[in-house]
Amino acid sequence: YSGWTTTHKQVSSFYRWKNYWIRGVLSLAMIFGFFLIIYMGPITLILVVMSVQIKCFQEIITIGYRVYHSYELPWFRTLSWYFLICVNYFFYGETVADYFGALVQREEPLQFLARYHRFISFALYLAGFCMFVLSLVKKHYRLQFYMFAWTHVTLLIVVTQSHLVIQNLFEGMIWFIVPISIVICNDIMAYLFGFFFGRTPLIKLSPKKTWEGFIGGFFSTVVFGFILAYLLSQFQYFVCPVGYNSETNSFTIECEPSDIFVMQEYTLPAAIQNTLRWKTVNLYPFQIHSIFLSSFGSLIGPFGGFFASGFKRAFKIKDFANTIPGHGGIMDRFDCQYLMATFTHVYIASFIR
């Protein structure tokens, strides 16, 4: 028995380190891919966001399909994807009208679609609603309404947030890159601090999360966000709003940087002056904003992950899917990103504009 226990521990340790190795390699690959996508420009980023949104929707809908044994429900999957198309048509139509006004005014068909966009969107949704009512079957009433609600909550969580990600992107790529990078950094650093120093459990929903990882991740992320903000604030490519040039039919990222991306001199508080012997410091104002973004991403952002953990525990599943070896599904990687995207959008509207 003792020999079996020793062998079992060795095997368990081997698979543990193998899993860490797989996670590490794939994490580096995803980070490299992220930088490559940024280099390819706004159009590629929009397409990636849309692809991620569709995959996340598919993963959550599939869980509902399996958990509630919805195999006999008429039209459930068809209607779920139809509603996804309707909601995307509405949100992306709004984006086109807001940011591509010159293109819309130039093309007659687009003028018609823009003028009646909300009515068309409502009509499309209404058609889906009527199809759902017509598909109701006596022995499946309750289950069909469960799945109708499941679809709409998924749309609210996934599609709405991805739309906000794209709106943040149009404000300037820095508003897209920094929040996403903050969440990635916090996830990695909290994992590393928890792995090497973790002793105190943080929350029952995620037994592997520790206070040491949570606190270490916070300080690391604030420093990382501050440095990243400094580096990106120097380049027009990152700080200028994404515009559309109707003459060249292409995106443009050129502007006179706004004040928050212009180096300014700040007088330090007296207590810090006495300690560091510095009276002033030169900073980009965006670096100060990055502290608030980093703080949210480190202190509140993880609750998106805790929410996802509770969701998975409720339905007795380990991951949303098996898309990425060692990481689970796409939704497992983006559970905190959606919360961060919403905060960034609200932050821009409240404190920047």
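Because the model is predicted, local features are reported only at pLDDT of at least 70 and side-chain atom pairs only at pLDDT 80 or more, whereas totals for chains, interfaces and linings use all residues. Residues are numbered from 1 along each chain as its sequence is written, and side-chain values use heavy atoms, with hydrogens and water left out.

The protein has 15 helices and six strands, where helices (H or I, at least four residues) and strands (E, at least two) are DSSP runs numbered from the N terminus. Its C-alpha trace spans about 80 × 75 × 35 Å along the principal axes. Of the 353 residues, 41% count as buried, a class set at under 20% relative accessible area, with exposed meaning over 50% and partly exposed lying in between (1.4 Å probe, protein chains only). When contacts (heavy atoms within 4.5 Å) between residues at least 6 apart in sequence are considered, 71% join residues at least 24 apart.

A nonpolar core is taken here as a set of buried Ala, Val, Leu, Ile, Met, Phe, Trp, Tyr and Cys residues joined through side-chain atoms within 4.5 Å. The largest such core holds 39 residues, of which Met173, Ile174, Trp175, Phe176 and Phe286 touch the most other members. At least two residues of this core come from each of helix 1 (2-40), helix 2 (42-67), helix 7, helix 8, helix 9, helix 10 (236-239), helix 12 and helix 15, and helix 8 provides the largest share, eight residues. Apart from this core lies another, of 29 residues, including Leu79, Leu155, Phe311 and Ile324. Phenylalanine 286 touches Ile174, Trp175, Val178, Ala229, Ser233, Ile260, Phe261 and Leu293, when residues up to four places away in sequence are not counted.

Phenylalanine 286 is also one of the buried residues of helix 12, among them Pro285, Gln287, His289, Leu293 and Phe296. Helix 12 (residues 285-299) has 15 residues and reaches 22 Å from its first C-alpha to its last, close to the 21 Å expected at 1.5 Å a residue, the expected span being 1.5 Å times one less than the number of residues. Eleven of the 15 residues of helix 12 are buried, so this helix is largely enclosed by the rest of the structure. The cover over its buried residues includes helix 8 (174-197), helix 9 (211-232), strand 5 (264-267), strand 6 (280-283), helix 13 and helix 15.

Grid points are joined across faces, edges and corners, and a volume is the space filled by probe spheres set on the points. By this rule one cavity of 30 Å³ or more is counted, and the largest cavity contains about 100 Å³ of space. Its lining consists of 13 residues, with Phe76, Leu79, Phe132, Gln144 and Phe148 nearest the centre; helix 3 (76-99), helix 6 (117-135) and helix 7 (141-170) each supply at least two of the lining residues. By class, this lining has nine nonpolar, four polar and no charged residues, with Ala, Val, Leu, Ile, Met, Phe, Trp, Tyr, Cys and Pro counted as nonpolar, Asp, Glu, Lys and Arg as charged, and the others, Gly among them, as polar.

Two or more lining residues are given by each of helix 7, helix 13 (302-314) and helix 15 (337-352), and helix 7 gives the most, with seven residues. The lining of this pocket divides into 14 nonpolar, four polar and one charged.

Arginine 277, in the loop between helix 11 (270-276) and strand 6, has a positive phi of about 65° although it is not a glycine, and is exposed, with a relative accessible area of 71%. Alanine 349 belongs to helix 15 and, at 40% relative accessibility, counts as partly exposed.

Key
On a 1 Å grid over the protein atoms alone, a cavity is a set of points where a 1.4 Å probe fits but cannot get out, and a pocket is an open set with protein on both sides within 12 Å along at least five of seven lines; lining residues have an atom within 4 Å of a point.
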